[in-house]
Amino acid sequence: MSLELFTVADRDHYAPLAACAQGHPRLRPAAVPEHWQAAESGVWTAWAPAGERYGDGAVRVCAAARDGREQHVLDAFAAVCFERAVPFRHVSTARVRALLDGEHGSRPQAGRFCVAAPAGPREAEELRSALHTALRGETGPAPRTGRRHEDSGVLRWDEPARPARQVLRPDGVWCAVGEDELLEGPAPAPTAPEGYVPVRLLDATNTGYTFLARDLRDDREVLVEQRFAHTGVGGDGRSAADRLGERYEALLRFHAGAPGACPRPLDHRTDGGNAWLVTQPVAGVPLSAWIVANSPMADSSATPADWSAYYRRTARLLDGAGKALARLRGLGAVIGPVRPQDVLVGRDDEVTFSALAAGADTNQAPGERRSDDLAAALGRLALPMLTPAAPAAALDAGVLPHVRRDLERRGGRVPRALWSTALRGAGPAAEAALPTPDRVDEDERAALAELRDRVAAGVVGAAEDAPWHMFPTVPQGYLSNTLGVAYGAAGVVHALRAAGTPVPEWVLTRLRRDALAQAHRLSPGLFTGLAGIAWVLADTGLLDEAAELLAAADRHPLTRASATLAWGGSGVALAHLALYGHSGEPHHLDRAAEFASRLPGSSAALSPLLGPDDMTGLWYGRTGVAQTLQQLGAVTGDETLLRQARRLLHAELDRAAEARGELSFPVSAKDRRKLYYLYCGTAGFLTAAARQSAAMPDERLAEALPKLIRKASMTQVAHAGLGNGLAGLGFALSECGRILDDPNARAAARGSARALFAHAVPRGESVHVLGDLRLRFSCELWSGGAGVLLFLAHLLDERPDPLFTVDALAATSRGPVPA
């Protein structure tokens, strides 16, 4: 399922697909026999005779429906199933059916508007025959997988495998295999029209494929877009295949009048409702990638001369883009939303607009209004060339003075014409604006306190007692759970309490109730599951409930299969230390020590117990294990544990990359991206190294600390959040400053906090931040408002243990190592 589906239900926050069904008429068969019962589950309604349930049958028979024909197909499908006593299910609303079948829908669910589950092959064959007669003449977006029944345009059937009753998800959640997993299969290979041979798949969606192919006539490489019949139907009734033909005609006209401004169209074919568009591949890289490769934003050593050179090149690119867009508009193109990924930059900085952008309305985001404003289009390209906070600026121009102040601090004056162009891509400024840079200069503490309080108001104001969440989160939360520390209510409660903001009583009541009820389904870890929730409940005084959840974490297989802080044994051991601090019960200390005793003796042997491909970092790597060992050693006074933690930190440091006197870390042995975040990278290592240095001074860590601080001092960061963004960098700096009394770290932490004004979007008297993916606001600790709140609260009122550590306990309870 495309993550963009989480942006459809709400204009401000992410929400699951089930939220899209709210407020829309529920579909129901016209006539339902007695003794048949309905069961709602997510976006589906299942029907079965009393005493039976949908899902037990060995075969699946599916029917698609096109726009406007949902009720007719449901009535015909249901009548056949009722007559044969075959359980079935259907999508609950026409709105959700359209989304599932759309470009960003779910491939296992697309085209399966109704699904029957006959008991065996003979019953399935009889059912298919009856349905074929009942649905004769119907057309629709049939699934890409499964076997077609005779000449039907909507019927498919399959015999899905029956795997084990439960599977362990990558995030540590044990869950029953559902219908969608059963129907999931490998994506079928793209097909090319006659005369072309597919070479390499580039993209796949519900509506079709984009792939490179070879033209058999002259052996040249071409780009092919394939669109399936009856898919991606818009409000005007046009399908994705229809729009592909229209784009071909538009590209012919555009290329003739403005060669080079868009891809050269070569061919257009149709067959059975499917369509193919063939264009000449364009050499170059997307503007989004060009910015990453050429901008000095992430280079702390960049000089004013480097910035001036970048500004001159940026101005040339925008000038070329403006001329190209003007020519296209003169040829009849409607200049819709232009995204950096839709602009290709060639070797000599020539600009070409991709086929999607040239088609004028095919790249519109859900709910986005089309515009013919050339200046606004150029502004939307200029903004990300000047700041990674462009998505926030597109919502509120009030963030731009803070962006400009930071740019001028680092690289001198921003050219007036370039800045004016960027301003045209920004949204309207909020009435209840945030403090200006000058006001922040005058009284930094008061300005940051206002930001903290307004972020807290935004988080509390978004609280909602909805079936799918208590606080709006990010897609990862809806796909895993909305209770834990990273993505759920526990993390928000922790941040609110750290900021001194009252937590709504109903939130605590529901968190307790839901966590106890779902304990068997949650992973054990500190950030993703039971250990973190137990810790938060213990901090609120619910010690019995916390002990029950932590006992469930102890029993979880992943506690031994993984040593990580986020979802494995390290997090569970730390939670035991926290409950030991609350209750004084020695068995918690014993359990934490038992975790340490199970660890392999060498760093290399630890690799299978870490994140995929030997991950690094605080959440999934050796850094998190080292921090747990350091904390346990500090509490018990066992220097053996401190030395073990030091060895792991040295092993992690062996993998660091140094550039310009700064340190960053690869994600894993396979993913070589150099990160600097709290969950993985520089900031997370900095927090663990500071604690280890305070507990057991070490020459190698002492040498690394200034390089870590310099890297973590970056202010031009795409996300605002704690786990994956600016707040996490500032938090690590603040913790380093507190633990080691380092003035450089403290000053850099204040710089991070000031930079957060560039990500803060006011809504009335509250403030919101864009969560992961930066498509909607979110409240969770990982990337949303709660994480920003936690950092600001800690910066303004330093206290020990702001993020699940036990420094205060260690300072008061060092004692003998438990037996």
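## Salt bridges

The structure, a predicted model, holds 55 salt bridges. One of them joins the side chains of Arg 69 and Glu 138, with an N to O distance of 2.3 Å. Arg 69 is in the loop between β3 (60-63) and α1 (70-84), and Glu 138 is in the loop between α3 (121-134) and β6 (147-148), so this pair ties together parts 69 residues apart in sequence. Arg 69 is partly exposed at 27% relative accessibility, whereas Glu 138 is buried at 7%.

A further salt bridge connects Arg 660 with Asp 299 (2.8 Å, N to O). These two residues are 361 apart in the chain: Arg 660 belongs to the loop between β18 (657-659) and β19 (662-666), and Asp 299 to the loop between α6 (287-294) and α7 (304-330). Arg 660 is partly exposed, at 45%, and Asp 299 is partly exposed, at 21%.

## A pair and a network

Asp 797 and Arg 799 also form a salt bridge, their closest N and O atoms lying 2.9 Å apart. Asp 797 counts as partly exposed, with 38% relative accessibility; Arg 799 is exposed, with 52%. Elsewhere, salt bridges with shared partners unite Arg 405, Asp 438, Asp 441, Glu 444, Arg 750 and Arg 754 in one network.

## Overall architecture

The protein chain comprises 30 helices and 22 strands. Its radius of gyration is 28 Å, which agrees with the value near 28 Å for a compact globule of 819 residues. The C-alpha trace spans about 80 × 70 × 50 Å along its principal axes.

Of the 819 residues, 57% count as buried. Among contacts between residues at least 6 apart in sequence, 66% join residues at least 24 apart.

Terms used: Residues numbered from 1 in each chain as written. Heavy atoms only, no water. Helix = DSSP H or I, 4+ residues; strand = E, 2+ residues; numbered from the N terminus. Rg over C-alpha atoms; globule rule 2.2 N^0.38 Å. Buried < 20%, exposed > 50% of the residue type's maximum accessible area, 1.4 Å probe, protein only. Contact = heavy atoms within 4.5 Å. Salt bridge = Lys/Arg side-chain N within 4 Å of Asp/Glu carboxyl O.
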